Amino acid sequence: MDAIILQILNGLDKGSAYALIALGLTLIFGTLGVVNFAHGALFMLGSFCAVTLNRILNLSHEVAVPGETDFLGNPLMREVPYVYEWFGEATGAAIIDWSVPLAILLAIPVMGFIGLAMERGLIKHFYKRPHADQILVTFGLAIVLQEIIKYFYGANPIPTPAPEAFRGSFDFGLLLGFDANTILYPYWRLVYFGFTVFIVAAVFAFLQFTTFGMVVRAGMADRETVGILGINIDRRFTIVFAIAAIVAGLAGVMYTPIISPNYNMGMNFLVLSFVVVVVGGMGSLPGAVLAGFVLGILESFASMPQVLDLLPGLNQIVIYLVAIIILLTRPRGLMGRKGVMEE
Amino acid sequence: MTKGTLSRRGLLKAGAVTGAGLALPTIFTSPAAAFTNEPTGDSVTLGFNVPQSGPYADEGADQLRALELVAEHLNGGGDGGMMQTFSSQTLEGNGIMGKRVEFVTGDTATNTDRARASARSMIEKDGAVMITGGSSSGPAVAVQALCQDAGVIFMAGLTHANDTTGKDRRANGFRHFFNSYMSGAALAPILADQYGTDRKAYYLTADYNWGYTTEQAVQEATESKGWETVEKVLTPVGAGDFSSYITPVLQSGADTLVLVHYGGDMVNSLTNAVQFGLREAQANGRDFQIVVPLYSELMARGAGPNIKGIIGSQNWDWKLENQLGAKYTGTNAFVRSFGEKYGFPPSQAAHTVYCQVMLYADAVNRAGSFNPCAVVEALEGFEFDGLGNGPTLYRADDHQCFKDVVVVRGKENPENEFDLVEIIEVTPVEQVTYPHDHPQFAGGELGACNAGA
Amino acid sequence: MLGLTRKDFQLLLIVIGLTMFAPFLLNPFPETSALAQFNAGYPDLLQRFVIFSIFAIGFNILFGLTGYLSFGHAAFIGIGSYAGVWMMKLLTMNIIPAILVSILVAALVSLIIGYVSLRRSGIYFSILTLAFAQMCYALAYSVLTPITGGETGLQLRLNDPRILGESVTEAGNIPVPHLFGLETRDSLELALGNWVFTFNAGYYIAAVAMILAFYLAIRLFRSPFGIMLRAVKSNQQRMSYTGLNPKPYTLAAFVISGMYAGLAGGLMVAMDPLAGAERMLWTASGEVVLMTILGGAGTLIGPVLGAGVIKYFESIFSTINRTVLEGWFAFLPDGLENVVISMIYPFVGKGWHLTLGIMFMLVVIFLPGGLVEGGQRLGRLFRRRGKRDAAEGDPVKPAE
């Protein structure tokens with residue numbers, strides 16, 4: 001039983017990443033009608049916001065250590081971050097320690113700006129173009145973004161740990177009446193799940209309860225009519241794109257302690273997040289979130305040794321297998337609307 | 001009709017056809033070359049085929065640095081690096097057999113198809129007589145087979161799976177790097193010594209050939225020391241988040257986790273394992289331990305502080321000579337020339353390809369010919385020293401190098417990002433030597449050397 | 001002629017001409033010049049050009065005509081390759097059985113995958129094909145290792161049975177793929193001044209296959225069947241109202257394009273007898289989509305151009321390293337040389353992906369109809385100057 005609870009927790013965590021990326025992706029699909037193959041790259045850029053902030057905070061100058069030499073026999077230089085000098089060593093270390101959460105503050109403007117620039121500079125010219133063209137141009141953009149990151153940061157994963165305070169695990173076992181130390185779950189992963197719930201709720205609330213959201217939802221349903229009513233839907237769509245970029249970016253920032261980011265991570269998530277969006281059903285935000293969690297949990301169950309003993313290799317294909325079954329039994333995914341991206 | 005291809009550049013540089021722009025077409029027939037890409041000019045072209053995109057791009061970049069360095073050294077540039085310490089003294093800094101060393105580079109992208117296409121372009125277009133480089137076993141085995149067919153020499157780069165010199169061995173292919181079996185054999189006594197002989201191990205294994213051979217090697221070696229295997233789980237390559245594989249570990253009754261992962265997978269699985277508290281956990285009344293059979297400097301850097309205290313094995317380490325003395329001579333010479341050129345110490349991936357090129361150059365000099373069959377003969381059973389690993393044998397039966405294996409541990413207080421591991425012990429070569437028909441290597445045949453043309 | 005209109009026949013002749021003289025056309029620079037780096041007339045790349053052209057032509061029959069965007073077509077090339085290598089392991093090194101079996105197996109698998117996937121349309125169809133292909137890849141890479149060779153690829157061995165041929169050659173090596181004795185890596189070299197041209201047997205075998213494939217594609221595009229397929233794309237509902245069931249037509253197109261992929265896979269192993277699982281990865285499926293769109297979806301010649309451009313970048317730009325650049329710009333003064341090299345270096349060698357990405361964006365932004373549209377624009381430019389030039393392709397709108 002405790003093993004199953006643990007796998008549900010794992011699944012919720014995996015699902016969180018899927019859900020956040022798919023949420024932005026489906027927002028862009030639904031409102032703008034654009035297939036955005038650069039969405040994985042936005043997630044990756046978010047992660048690198050955290051890496052960059054960490055690097056900035058770690059900017060140091062070299063101080064020679066008297067009496068010691070490095071591997072070539074030159075005097076050994078020790079790096080002292082500037083933050084230490086400005087805020088004192090204790091505060092400085094604390095700031096560096098908290099660089100991942102702090103990166104949220106950096107990622108919101110940066111990703112928002114990237115989203116705006118992308119939509120205004122590129123995507124808006126592709127609203128009326130075939131989906132195939134959209135795929136080609138966004139895929140090209142994704143490659144370019146990736147290569148730029150690779151040029152500056154290399155291809156190796158870069159460790160970006162969570163703050164000290166979040167290391168260690170929470171004991172669910174005691175909470176649920178099991179023995180101690182049976183269901184331990186790392187704090188940071190719980191934070192990630194909570195963060196996802198918060199973001200998803202915020203996006204839904206925004207679309208549900210604000211006039212802006214109402215217009216966007218109307219635009220999703222029938223863009224032309226909204227345009228005829230004299231509402232400038234284009235400007236709102238720009239903002240929607242920026243929001244989607246921010247959501248993907250924040251998902252990336254918070255994910256860095258779970259997986260050390262490298263330039264290629266976006267591509268790995270791209271395919272999965274497309275599967276998630278489609279399984280959830282085109283044009284449905286709740287569908288995307290639901291599919292994210294469902295696939296995350298099923299993937300976790302499929303990686304249990306007991307399951308693999310029975311069906312070796314299931315963990316390799318479970319997501320795709322489930323996607324096929326769902327799409328064949330439910331024509332428009334879990335909650336898809338009729339006529340969206342079906343032609 | 002000619003067979004194979006000739007070195008066009010070599011031909012032209014030899015002056016066989018120059019000037020005469022509109023002369024009658026000359027069709028070359030086979031007697032023009034005795035073997036594929038016979039260098040006839042004053043230079044010889046080597047092919048450096050390393051991953052430049054994909055997950056191992058940084059490792060490939062480090063290999064390329066070492067390869068540029070060795071070309072420089074062979075041509076008499078720089079301080080000569082390991083050329084001075086190498087036990088065979090045929091290299092004089094005048095290239096190979098008096099021919100200047102030129103090289104072409106390509107991208108394997110850690111993909112068998114791309115690696116082969118790139119190698120073929122080097123052989124067909126650029127006239128390379130030898131291909132080296134690479135950072136994983138899939139492309140290494142694939143390119144080795146290609147070189148066998150084409151009639152050029154393949155000096156494998158970083159490839160650790162038993163298959164390269166086991167079931168997929170080829171007469172034209174040679175491996176300096178160590179392998180899965182050696183990792184297992186080197187680690188087992190030290191693991192038994194450090195963690196006890198009654199450990200219960202849980203394996204998370206990358207679900208592809210290298211994973212299979214390494215898992216088998218470590219399992220057999222540790223079980224012979226009294227360890228038990230609780231469970232073995234195969235994980236998809238590039239799984240990203242390994243949490244769902246990690247959580248069952250503590251409940252399985254195991255007290256040791258063996259992570260048979262490499263590259264990004266290893267970084268992620270180890271990071272996840274540490275996150276889930278496996279480093280602090282207690283099992284069977286003992287501290288829980290994690291083992292990573294194959295270490296690399298770049299992986300250690302990617303895993304950051306999570307690597308602390310984790311034991312693994314390496315082919316070579318840049319601190320070897322400083323810490324264990326003159327037996328490993330060559331290490332410091334190489335580290336010095338590499339460090340002076342690039343500003344940081346070399347990785348084991350860089351070291352192995354540097355050695356491979358130097359060994360090839362020396363073999364050609366000793367054989368007095370670039371003919372692959374002559375080179376094979378010169379390398380088979382060749383004993384040498386001074387390339388940083390101590391006395392080493394290139395065994396004739398399977399073209400595998402036999403040398404000491406370095407067992408390392410993640411350092412508790414690293415001084416900088418290049419000093420992440422400490423050497424615990426070196427397992428002597430006798431303990432990692434196996435018969436060439438050992439079951440883990442069965443099913444392969446070298447075949448005959450192929451000179452092409 | 002051959003059942004083609006004059007314009008189509010001209011196009012076919014152009015393609016025949018281009019493929020037959022490719023070893024000349026793609027080797028424009030003398031061997032001794034610094035620009036020889038850009039020569040593409042060596043067997044491996046020439047073979048790749050025509051093989052991926054076949055793949056893209058076949059993909060275009062499905063995507064260009066019916067508008068169904070398959071994101072898993074690489075599965076068929078991979079399965080075809082595995083079938084081909086198994087034939088060479090079991091039967092003979094003659095490439096004919098290998099290629100035939102590749103096509104047959106790919107047809108069978110595409111029939112199954114197509115039958116299931118075509119129950120949905122639009123993006124749902126795309127994801128279904130993607131899911132099937134990814135499953136094929138993941139299984140081939142891992143649990144099916146005994147059949148597929150897994151990570152290291154399926155290779156020939158000295159101890160393969162090869163019941164109709166020999167297991168081992170007299171020299172002790174694995175035999176080489178051949179067409180009734182003509183080895184696919186046999187080459188004829190022609191030296192003309194400072195130029196060396198290589199005529200490779202394998203390339204010409206593949207080129208003949210590609211010309212046949214191209215001819216079939218033209219006939220198919222112009223046939224009543226092709227018109228039916230276009231009807232599927234433009235309005236399925238109207239088609240159903242007229243009492244026609246679009247599904248058999250679409251499925252036929254799917255299987256035909258799967259067989260093209262199988263042919264490509266079979267030819268790949270005929271040229272280079274190894275089949276790796278990466279051939280089936282989603283990026284490989286994406287690559288053929290990109291080739292088709294880049295060249296011009298729905299046009300006849302577009303996929304060929306797209307395949308050529310992408311393979312050229314992959315093979316040539318990735319090999320330009322710093323040493324090569326230094327060779328090119330050695331004539332510049334030192335300081336300037338370093339500046340120029342440091343500006344170009346990020347785009348070549350290990351940065352070749354960057355150039356590819358930028359090219360994708362530029363083409364799709366400025367040439368909405370792909371490279372074919374670029375050709376048409378050039379053609380129009382010439383015509384305006386009073387010159388009449390054969391416009392390539394068929395101005396069908398790209399699929400949606």
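**Close-up views of a predicted three-chain model****Figure 1. Contact of helices α7(A) and α8(A).** Phe206(A), Leu207(A), Gln208(A) and Phe209(A) of α7(A) meet Gly213(A), Val216(A) and Arg217(A) of α8(A). Two residues are in contact if their C-beta atoms, placed from the backbone, lie within 7 Å. By class, the residues of this contact are 4 nonpolar, 2 polar and 1 charged. Here Ala, Val, Leu, Ile, Met, Phe, Trp, Tyr, Cys and Pro count as nonpolar, Asp, Glu, Lys and Arg as charged, and the others, Gly among them, as polar. The model is predicted: local features need pLDDT of at least 70, side-chain atom pairs count only at pLDDT 80 or more, and totals for chains, interfaces and linings use all residues. Residues are numbered from 1 along each chain as its sequence is written, while chains are lettered from A and ligands numbered from 1 in the order in which they are written. Helices (H or I, at least four residues) and strands (E, at least two) are DSSP runs, numbered from the N terminus.

Helix α7 (residues 187-209) and helix α8 (residues 211-221) of chain A pack at an angle of about 85°, and their axes are 5 Å apart. This makes α7(A) roughly perpendicular to α8(A). Axes are lines fitted to C-alpha atoms, for helices over the stretch in contact, and angles run from 0 to 180 degrees between N-to-C directions. Angles under 35 degrees count as roughly parallel, over 145 as roughly antiparallel, 65 to 115 as roughly perpendicular and the rest as oblique.

**Figure 1. Crossing of helices α12(A) and α14(A).** The axes of α12 (residues 285-302) and α14 (residues 314-329) of chain A cross at roughly 155° and come within 9 Å. The two helices, α12(A) and α14(A), are therefore roughly antiparallel to each other. From α12(A), Leu295(A), Leu298(A), Glu299(A) and Ala302(A) meet Leu314(A), Asn315(A), Val318(A), Ile319(A) and Val322(A) of α14(A). This contact of α12(A) with α14(A) has 7 nonpolar, 1 polar and 1 charged residues.

Figure 2. Leu229(C), Val232(C) and Lys233(C) are buried in α9 (residues 224-234) of chain C. Seen down the axis of α9(C), the buried residues fall within an arc of 100°, so they line one face of the helix. The arc is that of the directions from the helix axis to the C-beta atoms. These buried residues pack against α3, α10 (236-241) and α11 (246-271) of chain C. Pro224(C), Ile227(C) and Ser234(C) are exposed, on the face of α9(C) turned away from its buried side. A residue is buried if 20 or more other C-beta atoms lie within 10 Å of its own, exposed if 12 or fewer, and partly exposed in between, with C-beta atoms placed from the backbone.

**Figure 3. Contact of chain C with chain B.** In this view, 46 residues of chain C are in contact with 53 residues of chain B. On the side of chain C that touches chain B, β4(C) provides the largest share, 6 residues. That side of chain C divides into 14 nonpolar, 21 polar and 11 charged residues.

**Figure 4. Two loop residues with positive phi.** Met97(B), a residue other than glycine, has a positive phi near 50°. Met97(B) is found in the loop between α2 and β3 (100-107) of chain B. Phe180(C), also not a glycine, has a positive phi of about 45°. Phe180(C) lies in the loop between β2 (178-179) and β3 (182-183) of chain C.
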